[in-house]
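Let's walk through this structure together, step by step.

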There are 2 protein chains.
Amino acid sequence: MPANRPCGVWAPAITPFRQNLSPDPERFARHARWLLANGCSGLAAFGTNSEANSLDAQERMELLSYLVEHGVSADRLMPGTGCCALTDSVRLTSHAVRLGCAGVLMLPPFYYKGVSDEGLFRNFAEVIERVADARLRMYIYHIPPVAQVSISIPLIERLLKSYPGTVAGLKDSSGDWNNTKAVLDAFAGSGFDVFAGSEVFLLRNMRNHGVGCISATANVNPAAIHHAYENWQSDGAASLQGGITATRAVIQKYPMIPALKAIVARAFDDPCWATVRPPLVELNAQQRASLAADLDAHSFELSATDKHR
Amino acid sequence: MPANRPCGVWAPAITPFRQNLSPDPERFARHARWLLANGCSGLAAFGTNSEANSLDAQERMELLSYLVEHGVSADRLMPGTGCCALTDSVRLTSHAVRLGCAGVLMLPPFYYKGVSDEGLFRNFAEVIERVADARLRMYIYHIPPVAQVSISIPLIERLLKSYPGTVAGLKDSSGDWNNTKAVLDAFAGSGFDVFAGSEVFLLRNMRNHGVGCISATANVNPAAIHHAYENWQSDGAASLQGGITATRAVIQKYPMIPALKAIVARAFDDPCWATVRPPLVELNAQQRASLAADLDAHSFELSATDKHR
């Protein structure tokens with residue numbers, strides 16, 4: 001694996017909105033820099049947990065450019081660029097490549113259901129052909145619980161064969177370790193890098209030649225997840241894994257995106273962070289109090305001395 | 001019901017693509033005019049069967065403007081304008097209202113699953129508030145088999161109460177007559193117009209105070225469906241319903257969108273119509289031949305003398 005290939009802990013950085021629901025680039029960049037300073041190797045901006053699919057293409061491009069212009073190195077970015085419309089996917093992917101991003105994380109087009117591998121292959125192939133840039137590194141995003149459109153192993157095989165080097169890996173957010181294991185067994189070590197979609201699978205992923213995780217909760221627990229990643233070969237690995245798994249279990253009792261935003265709002269004393277775009281709804285006061293109590297009981301806190309800035 | 005409210009048979013007009021997958025406005029307008037001349041009361045352009053979700057916002061607005069500038073009266077148009085991103089939905093809806101469209105057909109945001117009625121309410125309400133135009137007539141689009149996000153009766157009730165006059169109706173593509181019946185029982189006659197999402201339910205919908213259907217197969221069978229609609233109170237209504245249901249059953253044996261395009265390509269001797277955008281795949285030669293044979297056996301033909309023009 002070349003030294004500059006993405007690996008480690010990447011966060012699908014949550015996207016801050018102002019009261020009027022417009023994206024807030026300044027808060028976004030502050031959070032991005034904080035994540036990179038606190039354990040994240042990089043940012044999968046515009047992932048599911050970024051509410052990316054509640055942003056339009058122009059908003060996504062403007063936010064990405066803002067990050068790069070405000071202290072976030074493009075080689076630490078793997079923005080989500082897969083949309084329902086081929087032309088949007090091409091536009092976002094081209095933009096990311098021009099900025100010099102380490103890679104892009106590509107959802108399949110997710111409106112039409114029951115589509116064939118042939119149709120999905122054509123979608124990804126068409127994006128690659130139209131972007132037509134040797135710098136493109138495409139990570140396929142498998143998240144059937146949300147997208148309801150799956151990435152099969154034969155599809156990966158066909159993409160890898162047609163576009164070796166460009167098709168660079170996969171994020172598996174199936175929540176199904178057997179699927180991650182099957183992908184690892186088939187492709188790990190062949191220039192195809194597998195990120196677990198949750199830190200719950202971090203240790204197993206590393207032991208099976210995966211390269212790290214891209215996980216929602218890295219937005220609020222980056223240091224501990226990074227520590228588990230760094231020490232996956234140590235004697236204490238299982239215990240470190242147990243710790244981050246337990247933290248995730250606490251957060252996961254709540255709707256994930258509003259919960260992450262509530263935690264950030266509380267930790268950085270910045271209530272504006274709680275805002276989500278419809279169709280999501282922020283945690284109510286009772287949920288916020290309950291989440292805070294659960295996390296306190298778990299002795300969870302964000303690094304107190306290292307605030308957003 | 002005011003005379004100018006949409007009713008009857010509306011087609012989610014299929015969208016033609018050139019070989020390079022760009023939309024073809026000229027072919028689109030020809031098909032639109034043909035549909036209106038052959039039984040459709042209007043066009044729900046950019047519906048599911050229009051591959052709307054494979055088009056970007058700009059493409060949709062350009063195609064819609066082209067129709068209005070090329071012989072399609074805006075009061076015959078109910079374009080789909082519901083997107084995952086609130087800002088896209090607002091942009092498309094404002095554009096349609098400015099053009100003078102009879103209404104818009106609004107999908108809920110469909111990426112995030114398991115969202116609450118509160119979140120969906122906020123989405124539709126925010127679109128209405130931002131468009132801020134008394135001319136807006138919003139028809140909610142319930143298509144859980146594809147969107148995987150449902151419109152509940154309490155949600156409709158809340159929307160109607162908050163935005164009477166603006167929230168104008170619903171297209172029910174659940175495929176579940178019990179759901180359509182429940183919506184009709186709750187709201188028909190209160191200024192809320194229900195379109196069946198398939199002509200299979202046309203007669204039942206009319207008998208329960210619905211206003212018509214918006215159906216994929218109206219793209220290729222508009223005259224017969226219109227005839228059934230016009231005569232729903234006649235003695236022959238059940239027989240007319242049987243005829244259009246049987247035709248749909250033949251077409252439905254194939255993937256719907258590629259099949260519709262294959263039928264139009266064949267009827268108008270214009271192979272370009274067969275092109276679909278990924279993730280869809282056009283029918284292969286064997287499927288095309290089989291579909292043609294099935295339709296011939298069923299004595300189905302598009303009006304031979306009234307070609308696209």
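How much area do chain B and chain A bury between them? Together they bury about 3300 Å², with 62% of it on carbon and sulfur atoms; buried area here is the accessible area (1.4 Å probe) that two parts lose on being put together, summed over both. Three residues, B:Tyr111, B:Tyr112 and B:Pro279, supply 25% of the area that chain B buries against chain A, more than any other three residues.

Before going on, a word on the ground rules. This is a predicted model, in which local features need pLDDT of at least 70 and side-chain atom pairs count only at pLDDT 80 or more, while totals for chains, interfaces and linings use all residues. Residues are numbered from 1 along each chain as its sequence is written, chains are lettered from A and ligands numbered from 1 in the order in which they are written, and side-chain values use heavy atoms, leaving out hydrogens and water.

Now compare the two chains.

Where they meet, 44 residues of chain B are in contact with 43 residues of chain A, contact meaning heavy atoms within 4.5 Å. Of the interface residues of chain B, 98% are also interface residues in chain A, so the copies meet through the same surface.

Next, look for charged partners. A salt bridge is a side-chain nitrogen of Lys or Arg within 4 Å of a carboxyl oxygen of Asp or Glu. The rule finds two across the interface of chain B and chain A, and B:Arg122 meets A:Glu282 in a salt bridge (2.9 Å, N to O).

Salt bridges also occur inside a chain. A:Arg5 pairs with A:Asp193, their closest N and O atoms being 2.6 Å apart. A:Arg5 lies in the segment before strand S1 (8–11) of chain A and A:Asp193 in strand S6 (residues 193–196) of chain A, so the pair ties together parts that are 188 residues apart in sequence; strands (E, at least two residues) are DSSP runs, numbered from the N terminus. Both A:Arg5 and A:Asp193 are buried, that is, under 20% relative accessible area (1.4 Å probe, protein chains only).

Methods
Helix = DSSP H or I, 4+ residues; strand = E, 2+ residues; numbered from the N terminus. Buried < 20%, exposed > 50% of the residue type's maximum accessible area, 1.4 Å probe, protein only.
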